[in-house]
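Me: Could you take me through reading a structure feature by feature, giving the general idea before the particular case?

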Amino acid sequence: MIDGAEELLNHLGDLLDSSDLDEFSSQLATMVAAGRSADGDRTALADAETAIVQLVSTHESTRQWLQNYIDMHFPAALRIYSPPPPGEGEPAIIPSFRCPIPKCAFTWHRDQLGVSVPKCPIHHIDLQQL
Ligand SMILES: [Zn+2]
């Protein structure tokens with residue numbers, strides 16, 4: 001994720017108007033540096049990733065670029081089977097959801113930025129974030 005944002009820095013010139021480029025580039029570079037210096041601090045890393053996603057989502061071109069990067073480097077299966085350890089907070093972009101009915105096994109994983117959470121297809125109620 002931080003790697004993707006760092007790589008994105010090299011492509012901003014192709015993706016953004018020159019009027020947006022300087023400010024966007026310096027903000028993203030600051031966030032990448034924050035993510036790098038987090039160094040194992042998951043909360044600081046998640047904060048940096050959240051800031052990056054928010055910034056990148058302000059432009060469709062950069063949002064698409066990062067989405068493609070994530071799709072290429074983090075296949076869905078890998079993300080689904082690698083949840084964060086309990087008590088270490090939610091992943092920044094890919095939360096998991098499940099049906100609140102105890103016997104219902106329906107779970108759903110957000111694998112794209114900005115996709116809204118569906119209802120349980122069996123019970124037609126809102127899913128709860130895990
Ligand atoms: Zn259900």
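The dialogue below goes from confidence to the overall layout, then to a helix, a core and a loop residue.

Me: What should I know about numbering and confidence, and what mean pLDDT does the protein chain have?

Reply: Residues are numbered from 1 along each chain as its sequence is written. This is a predicted model, in which local features need pLDDT of at least 70 and side-chain atom pairs count only at pLDDT 80 or more, while totals for chains, interfaces and linings use all residues. The pLDDT is the predictor's confidence in each residue, from 0 to 100; the protein chain averages 83, and 83% of the residues score at least 70.

Me: Which elements make up the protein chain, and in what order?

Reply: Helices (H or I, at least four residues) and strands (E, at least two) are DSSP runs, numbered from the N terminus. Here there are six helices and three strands, running α-α-α-α-α-α-β-β-β from the N terminus.

Me: How far apart are the ends of H3, and where does H3 bend?

Reply: The expected span of a helix is 1.5 Å times one less than its number of residues. The 21 residues of H3 should therefore span 30 Å, and this agrees with its end C-alpha atoms, which are 30 Å apart. A bend is the angle between axes fitted to the seven residues ending at a residue and the seven starting there; H3 bends by about 25 degrees at Phe24.

Me: Which residues of H3 are buried, and what do they pack against?

Reply: A residue is buried if 20 or more other C-beta atoms, placed from the backbone, lie within 10 Å of its own, exposed if 12 or fewer, and partly exposed in between. In H3 the buried residues are Phe24, Leu28, Met31, Val32 and Gly35, and they pack against H1, helix H2 (12-15) and H4.

Me: How many residues does the largest nonpolar core have?

Reply: Such a core is a set of buried Ala, Val, Leu, Ile, Met, Phe, Trp, Tyr and Cys residues joined through C-beta atoms within 7 Å. The largest one has 13 residues, with Leu28 and Ile52 among those having the most contacts inside it. Helix H1 (2-9), helix H3 (18-38) and helix H4 (42-56) each supply at least two of its residues, and H4 gives the most, five.

Me: Is His124 buried or exposed, and what is its phi?

Reply: Most residues other than glycine have a negative phi. His124, however, has a positive phi of about 55 degrees; it lies in the loop between strand E2 (107-109) and strand E3 (128-129). With 8 other C-beta atoms within 10 Å, His124 is exposed.

Conventions:
Two residues are in contact if their C-beta atoms, placed from the backbone, lie within 7 Å.
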